[in-house]
Amino acid sequence: MVCLVSRTGRHLQRYDNLGRRQVVGCIPYRFKCSSDGTISDELEVLVISSQKGQKMMFPKGGWELDESIEEAALRESIEEAGVIGNVECELGKWYFISKSHGTFYEGYMFPLLVKEELDFWPEQNVRRRTWMNVKEARDVCQHWWMKEALDILVERPASLQQ
């Protein structure tokens, strides 16, 4: 058994040249499996609740100085959603303002093809995780930029999703 703990603090946090905090997120996804065991081309995505409320989103957090952007994306998925998988090609970069903090951010999103769901993960006591179809996820996701990233994921050619 491995003990996983969420990173805390901002001492290793990355900022861009305009002072915006850099954050990285993932859209964990899998292909829906039918009752007979066949895998369809229909995507299911994993959304998580925010720490302090019932709002839903995809895993995301600060990109730190001692890790690559892909390592940060995977770390956030493990810490917040308890999933491990393959980080794929970047979906894009967005600039946004945090409504709660009034600060500017530069956010990157990646698809994560889920290979394993962990039974125990660092933030399991403060977050819920739920698999849902793309339309449901788009409806419940609280961040416009994450919805745009989901749209890009869905529009990618199927050859890039496997």
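For pairing, I took the rings of Phe, Tyr and Trp (its six-membered ring) as a pair if their centres lie within 6.5 Å. Planes under 30 degrees apart count as stacked, over 60 as edge-to-face and the rest as tilted.

I note that this is a predicted model, in which local features need pLDDT of at least 70, side-chain atom pairs count only at pLDDT 80 or more, and totals for chains, interfaces and linings use all residues. Residues are numbered from 1 along each chain as its sequence is written, and side-chain values use heavy atoms, with hydrogens and water left out.

**Entry 1: aromatic pairs**

I searched the whole structure and recorded five aromatic pairs. One of them joins Trp63 and Tyr108 edge-to-face, at 5.9 Å centre to centre and with 85° between the planes. This pair links distant parts of the chain, 45 residues apart: Trp63 is in the loop between strand 4 and helix 1, and Tyr108 is in strand 7. I then looked up accessibility, where buried means under 20% relative accessible area, exposed over 50%, and partly exposed in between (1.4 Å probe, protein chains only). Trp63 has 13% relative accessibility and therefore counts as buried. Tyr108 is also buried, because its relative accessible area is 11%.

The pair of Phe96 and Tyr105 is stacked, with 5.3 Å centre to centre and 5° between the planes. Phe96 is buried at 12% relative accessibility, and Tyr105 is buried at 9%.

I also looked for a charge over a ring, which requires NZ of Lys or CZ of Arg within 6 Å of the ring centre and within 35 degrees of the ring normal. The charged end of Arg30 sits over the ring of Trp131, 3.9 Å from its centre.

**Entry 2: the chain**

I counted three helices and eight strands in the chain. Here helices (H or I, at least four residues) and strands (E, at least two) are DSSP runs, numbered from the N terminus. Along the sequence their order is β-β-β-β-α-β-β-β-β-α-α. The radius of gyration is 15 Å, close to the 15 Å that the globule rule gives for 162 residues, so the chain is as compact as a globular protein of that length. That radius is taken over C-alpha atoms, and the rule is 2.2 Å times the number of residues to the power 0.38. The C-alpha trace spans about 50 × 40 × 30 Å along its principal axes.

Of the 162 residues, 48% count as buried. I next examined contacts, meaning heavy atoms within 4.5 Å. Among contacts between residues at least 6 apart in sequence, 67% join residues at least 24 apart.

From the record, I noted an unreviewed UniProt entry that annotates residues 19-154 as "domain: Nudix hydrolase". UniProt positions are given in the numbering used here, feature names are shortened, and annotations may be inferred rather than shown by experiment. Over residues 19-154 the chain is 23% helix and 43% strand, with the end C-alpha atoms 32 Å apart.

**Entry 3: helix 1**

I checked the length of helix 1 (residues 69-81): at 1.5 Å a residue, its 13 residues should span 18 Å, and the end C-alpha atoms are 18 Å apart, which agrees. The expected span is 1.5 Å times one less than the number of residues. Ten of the 13 residues are buried, so helix 1 is largely enclosed by the rest of the structure. Among the buried residues are Ile69, Arg75, Glu76, Ile78 and Glu80. The elements that cover them include strand 1 (21-33), strand 2 (39-49), strand 5 (83-87) and strand 7 (104-117). Just after helix 1, Gly82 takes a positive phi of about 70°.

**Entry 4: Glu80 and Arg127**

Glu80 lies in helix 1 and is buried at 6% relative accessibility. Leaving aside neighbours within four places in sequence, Glu80 is in contact with Ile48, Pro59, Lys60, Trp121, Glu123 and Arg127. I followed Arg127 to the loop between strand 7 and strand 8. Arg127 is buried, with a relative accessible area of 10%. The C-alpha atoms of Arg127 and Ile48 are 6.3 Å apart in space, although the two are 79 residues apart in sequence. With the neighbours within four places again left aside, the contacts of Arg127 include Ser49, Gln51 and Glu80.
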